Amino acid sequence: MAIAEDKTEPKVWGFFKLPFRNTHSNLPNNYGHSPGEGSGASGSSVSSVARSLLPARRRLKLDPSNKLYFPYEPGKQVRSAIKIRNSSKSHVAFKFQTTAPKSCFMRPPGAILAPGESIIATVFKFVEPPEDNEKPMDQKNRVKFKIMSLKIKEPVEYQPELFDEHKDEVTVERILKVVFLDVERPSPALEKLNNQLAEAEAEFEARKKPSKDTSTKFVGEGLVIDEWKERRERYLARQQEEGV
(Lines give C-alpha, C1' and ligand atoms only; values in the text may rest on other atoms or scores of the structure.)
Protein backbone atom coordinates (compact mmCIF):
# COMPACT_ATOMS: atom_id res chain seq x y z
CA MET A 1 0.00 0.00 0.00
CA ALA A 2 1.60 3.18 -1.11
CA ILE A 3 1.76 5.91 1.50
CA ALA A 4 2.55 9.43 0.43
CA GLU A 5 5.48 10.92 2.30
CA ASP A 6 5.88 14.60 3.04
CA LYS A 7 9.58 15.41 3.27
CA THR A 8 9.23 19.02 4.39
CA GLU A 9 10.95 19.52 7.74
CA PRO A 10 8.32 21.66 9.52
CA LYS A 11 5.66 18.95 9.24
CA VAL A 12 7.99 16.16 10.35
CA TRP A 13 9.11 18.04 13.45
CA GLY A 14 5.47 18.91 14.11
CA PHE A 15 4.97 15.32 15.32
CA PHE A 16 7.44 15.89 18.13
CA LYS A 17 5.80 19.18 19.13
CA LEU A 18 2.30 17.78 19.48
CA PRO A 19 2.66 16.16 22.95
CA PHE A 20 4.12 19.38 24.37
CA ARG A 21 1.72 21.92 22.86
CA ASN A 22 0.26 24.46 25.33
CA THR A 23 2.30 23.05 28.21
CA HIS A 24 2.99 26.50 29.71
CA SER A 25 -0.68 27.40 29.98
CA ASN A 26 -1.91 24.04 31.31
CA LEU A 27 0.79 23.12 33.85
CA PRO A 28 1.68 24.89 37.12
CA ASN A 29 4.84 26.96 37.24
CA ASN A 30 6.20 25.27 40.36
CA TYR A 31 7.05 21.55 39.88
CA GLY A 32 8.69 21.15 43.29
CA HIS A 33 12.23 20.61 41.92
CA SER A 34 15.09 22.56 40.44
CA PRO A 35 15.08 23.45 36.71
CA GLY A 36 17.67 20.81 35.83
CA GLU A 37 15.94 18.01 37.72
CA GLY A 38 13.96 15.50 35.68
CA SER A 39 15.66 16.34 32.40
CA GLY A 40 16.74 12.71 32.04
CA ALA A 41 13.13 11.49 32.12
CA SER A 42 12.13 14.16 29.61
CA GLY A 43 14.96 13.17 27.29
CA SER A 44 13.98 9.51 27.58
CA SER A 45 10.37 10.38 26.71
CA VAL A 46 11.43 12.31 23.62
CA SER A 47 13.71 9.45 22.56
CA SER A 48 10.89 6.91 22.84
CA VAL A 49 8.62 9.13 20.75
CA ALA A 50 11.37 9.51 18.15
CA ARG A 51 11.92 5.76 17.97
CA SER A 52 8.21 5.12 17.53
CA LEU A 53 8.11 7.43 14.51
CA LEU A 54 11.12 5.88 12.81
CA PRO A 55 10.38 3.19 10.19
CA ALA A 56 10.87 -0.33 11.53
CA ARG A 57 13.86 -2.22 10.21
CA ARG A 58 12.75 -4.99 7.90
CA ARG A 59 13.76 -8.51 8.74
CA LEU A 60 12.47 -10.18 5.57
CA LYS A 61 13.19 -9.75 1.89
CA LEU A 62 10.19 -10.47 -0.33
CA ASP A 63 10.00 -11.33 -4.02
CA PRO A 64 7.75 -9.83 -5.39
CA SER A 65 8.32 -7.01 -2.95
CA ASN A 66 4.83 -5.46 -2.63
CA LYS A 67 2.39 -7.35 -4.91
CA LEU A 68 0.79 -10.75 -5.27
CA TYR A 69 0.16 -11.78 -8.87
CA PHE A 70 -2.81 -14.05 -9.59
CA PRO A 71 -4.04 -15.41 -12.93
CA TYR A 72 -7.45 -13.92 -13.57
CA GLU A 73 -9.84 -16.87 -13.90
CA PRO A 74 -13.29 -15.94 -12.51
CA GLY A 75 -15.08 -18.73 -10.67
CA LYS A 76 -11.89 -20.68 -10.05
CA GLN A 77 -9.36 -21.10 -7.28
CA VAL A 78 -6.07 -19.60 -8.43
CA ARG A 79 -2.61 -19.43 -6.91
CA SER A 80 0.10 -16.88 -6.34
CA ALA A 81 3.59 -17.28 -4.90
CA ILE A 82 6.02 -15.14 -2.95
CA LYS A 83 9.60 -15.85 -1.90
CA ILE A 84 10.36 -14.93 1.71
CA ARG A 85 13.98 -14.73 2.87
CA ASN A 86 15.25 -13.95 6.34
CA SER A 87 17.75 -11.14 5.75
CA SER A 88 18.52 -10.61 9.45
CA LYS A 89 21.09 -12.25 11.73
CA SER A 90 18.45 -13.78 14.01
CA HIS A 91 15.74 -16.38 13.68
CA VAL A 92 12.54 -14.72 12.49
CA ALA A 93 8.93 -15.86 12.53
CA PHE A 94 6.57 -14.63 9.84
CA LYS A 95 2.81 -14.69 9.60
CA PHE A 96 0.28 -13.98 6.86
CA GLN A 97 -2.94 -12.05 7.29
CA THR A 98 -5.59 -11.19 4.70
CA THR A 99 -8.64 -8.98 4.45
CA ALA A 100 -10.52 -11.90 2.86
CA PRO A 101 -10.00 -14.98 5.06
CA LYS A 102 -13.13 -16.67 3.67
CA SER A 103 -11.81 -16.82 0.11
CA CYS A 104 -8.03 -17.01 0.66
CA PHE A 105 -5.53 -19.14 2.51
CA MET A 106 -1.75 -19.35 2.62
CA ARG A 107 0.61 -22.33 2.58
CA PRO A 108 2.33 -22.15 4.96
CA PRO A 109 0.41 -19.49 6.92
CA GLY A 110 3.52 -18.93 9.02
CA ALA A 111 6.93 -20.31 9.89
CA ILE A 112 10.25 -19.63 11.59
CA LEU A 113 13.22 -18.98 9.31
CA ALA A 114 16.88 -19.22 10.27
CA PRO A 115 19.24 -16.39 9.23
CA GLY A 116 19.60 -16.44 5.45
CA GLU A 117 16.94 -19.12 5.04
CA SER A 118 14.19 -18.69 2.46
CA ILE A 119 10.90 -20.27 1.49
CA ILE A 120 8.40 -19.82 -1.32
CA ALA A 121 4.90 -19.52 0.09
CA THR A 122 1.81 -20.27 -1.99
CA VAL A 123 -1.30 -18.11 -1.68
CA PHE A 124 -4.64 -19.58 -2.76
CA LYS A 125 -7.54 -17.33 -3.70
CA PHE A 126 -11.01 -17.92 -5.08
CA VAL A 127 -11.78 -15.38 -7.78
CA GLU A 128 -15.38 -14.30 -7.56
CA PRO A 129 -17.20 -13.90 -10.91
CA PRO A 130 -17.61 -10.20 -11.71
CA GLU A 131 -20.96 -8.64 -10.91
CA ASP A 132 -22.85 -6.36 -13.29
CA ASN A 133 -20.45 -3.93 -14.96
CA GLU A 134 -17.69 -4.81 -12.48
CA LYS A 135 -14.13 -4.79 -13.75
CA PRO A 136 -11.25 -6.96 -12.50
CA MET A 137 -9.55 -3.77 -11.32
CA ASP A 138 -12.42 -3.10 -8.93
CA GLN A 139 -12.24 -6.58 -7.46
CA LYS A 140 -8.51 -6.57 -6.83
CA ASN A 141 -8.67 -3.47 -4.65
CA ARG A 142 -10.84 -5.23 -2.08
CA VAL A 143 -8.30 -7.87 -1.08
CA LYS A 144 -4.93 -7.21 0.50
CA PHE A 145 -2.42 -9.34 2.32
CA LYS A 146 -0.11 -8.46 5.17
CA ILE A 147 3.14 -10.16 6.16
CA MET A 148 4.30 -9.63 9.74
CA SER A 149 7.60 -10.64 11.34
CA LEU A 150 8.83 -11.32 14.85
CA LYS A 151 12.41 -11.77 16.05
CA ILE A 152 12.82 -15.11 17.84
CA LYS A 153 15.32 -14.95 20.70
CA GLU A 154 15.31 -18.64 21.64
CA PRO A 155 14.50 -21.94 19.87
CA VAL A 156 10.74 -22.50 19.82
CA GLU A 157 8.17 -24.25 17.69
CA TYR A 158 6.15 -21.94 15.45
CA GLN A 159 2.74 -21.04 16.84
CA PRO A 160 0.51 -18.16 15.66
CA GLU A 161 0.08 -17.18 19.33
CA LEU A 162 3.70 -15.95 19.36
CA PHE A 163 2.51 -12.80 17.62
CA ASP A 164 -0.11 -12.15 20.31
CA GLU A 165 2.29 -12.81 23.17
CA HIS A 166 4.92 -10.42 21.75
CA LYS A 167 2.72 -7.95 19.88
CA ASP A 168 4.90 -4.98 20.87
CA GLU A 169 7.83 -6.54 18.99
CA VAL A 170 5.91 -7.40 15.81
CA THR A 171 6.87 -5.61 12.60
CA VAL A 172 4.56 -5.23 9.60
CA GLU A 173 6.89 -6.10 6.75
CA ARG A 174 4.64 -5.33 3.81
CA ILE A 175 1.07 -4.75 2.73
CA LEU A 176 0.72 -6.74 -0.50
CA LYS A 177 -1.72 -5.66 -3.18
CA VAL A 178 -3.43 -8.12 -5.51
CA VAL A 179 -2.69 -7.86 -9.23
CA PHE A 180 -4.50 -10.02 -11.76
CA LEU A 181 -2.70 -11.35 -14.84
CA ASP A 182 -4.33 -12.19 -18.15
CA VAL A 183 -3.64 -15.89 -18.74
CA GLU A 184 -4.21 -15.43 -22.48
CA ARG A 185 -1.37 -12.90 -22.79
CA PRO A 186 2.15 -14.19 -21.98
CA SER A 187 4.19 -11.78 -19.88
CA PRO A 188 7.39 -11.85 -17.78
CA ALA A 189 5.27 -11.58 -14.62
CA LEU A 190 3.17 -14.61 -15.59
CA GLU A 191 6.26 -16.63 -16.50
CA LYS A 192 7.94 -15.78 -13.20
CA LEU A 193 4.78 -16.71 -11.30
CA ASN A 194 4.62 -20.12 -12.95
CA ASN A 195 8.28 -20.77 -12.13
CA GLN A 196 7.78 -19.78 -8.50
CA LEU A 197 4.67 -21.95 -8.20
CA ALA A 198 6.59 -24.96 -9.54
CA GLU A 199 9.40 -24.33 -7.07
CA ALA A 200 6.92 -23.88 -4.20
CA GLU A 201 5.20 -27.16 -5.07
CA ALA A 202 8.55 -28.97 -5.10
CA GLU A 203 9.39 -27.52 -1.65
CA PHE A 204 6.00 -28.57 -0.34
CA GLU A 205 6.45 -32.14 -1.53
CA ALA A 206 9.94 -32.22 -0.01
CA ARG A 207 8.57 -31.10 3.36
CA LYS A 208 6.23 -34.10 3.42
CA LYS A 209 9.24 -36.43 3.60
CA PRO A 210 10.65 -37.07 7.08
CA SER A 211 13.87 -35.20 7.77
CA LYS A 212 16.27 -35.36 10.70
CA ASP A 213 17.23 -31.69 10.50
CA THR A 214 14.73 -29.07 9.42
CA SER A 215 15.25 -25.62 10.80
CA THR A 216 12.03 -24.21 9.34
CA LYS A 217 9.07 -24.78 11.66
CA PHE A 218 5.65 -24.86 10.05
CA VAL A 219 2.18 -24.69 11.50
CA GLY A 220 -0.23 -27.57 10.81
CA GLU A 221 -1.10 -26.81 7.19
CA GLY A 222 -3.61 -29.59 6.76
CA LEU A 223 -5.96 -28.16 9.38
CA VAL A 224 -5.91 -24.74 7.73
CA ILE A 225 -6.61 -26.14 4.26
CA ASP A 226 -9.37 -28.47 5.46
CA GLU A 227 -11.11 -25.63 7.29
CA TRP A 228 -10.88 -23.40 4.22
CA LYS A 229 -12.31 -26.14 1.98
CA GLU A 230 -15.28 -26.59 4.30
CA ARG A 231 -15.98 -22.84 4.21
CA ARG A 232 -15.75 -22.85 0.42
CA GLU A 233 -18.17 -25.77 0.12
CA ARG A 234 -20.71 -24.02 2.36
CA TYR A 235 -20.30 -20.81 0.38
CA LEU A 236 -20.80 -22.53 -3.01
CA ALA A 237 -23.82 -24.45 -1.70
CA ARG A 238 -25.37 -21.19 -0.51
CA GLN A 239 -24.73 -19.57 -3.89
CA GLN A 240 -26.45 -22.46 -5.68
CA GLU A 241 -29.49 -22.22 -3.38
CA GLU A 242 -29.78 -18.49 -4.02
CA GLY A 243 -29.50 -19.09 -7.75
CA VAL A 244 -32.35 -21.59 -7.65
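R79 and E201 join their side chains in a salt bridge, with an N to O distance of 3.6 Å. R79 belongs to strand β3 (residues 77-86) and E201 to helix α6, so this pair ties together parts 122 residues apart in sequence. The structure is a predicted model.

E201 also forms a salt bridge with R107, at 3.0 Å from N to O. This pair again links distant parts of the chain: E201 sits in helix α6 and R107 in strand β5 (residues 104-107), 94 residues apart.

R79 has a relative accessible area of 31% and is partly exposed. E201, at 28%, is also partly exposed. R107 has a relative accessible area of 9%; because buried means under 20%, R107 counts as buried.

A further salt bridge is formed by the side chains of D63 and K192, with an N to O distance of 2.6 Å. D63 lies in strand β1 (residues 60-63) and K192 in helix α6 (residues 188-208), so that pair spans 129 residues. D63 is partly exposed at a relative accessible area of 29%, and K192 is partly exposed at 37%.

| Salt bridge | N to O distance |
|---|---|
| D63 and K192 | 2.6 Å |
| R79 and E201 | 3.6 Å |
| E201 and R107 | 3.0 Å |

A search of the whole structure finds four salt bridges, including those in the table.

Key: Residues are numbered from 1 along each chain as its sequence is written. This is a predicted model: local features need pLDDT of at least 70, side-chain atom pairs count only at pLDDT 80 or more; totals for chains, interfaces and linings use all residues. Side-chain values use heavy atoms; hydrogens and water are left out. Helices (H or I, at least four residues) and strands (E, at least two) are DSSP runs, numbered from the N terminus. Buried means under 20% relative accessible area, exposed over 50%, partly exposed in between (1.4 Å probe, protein chains only).
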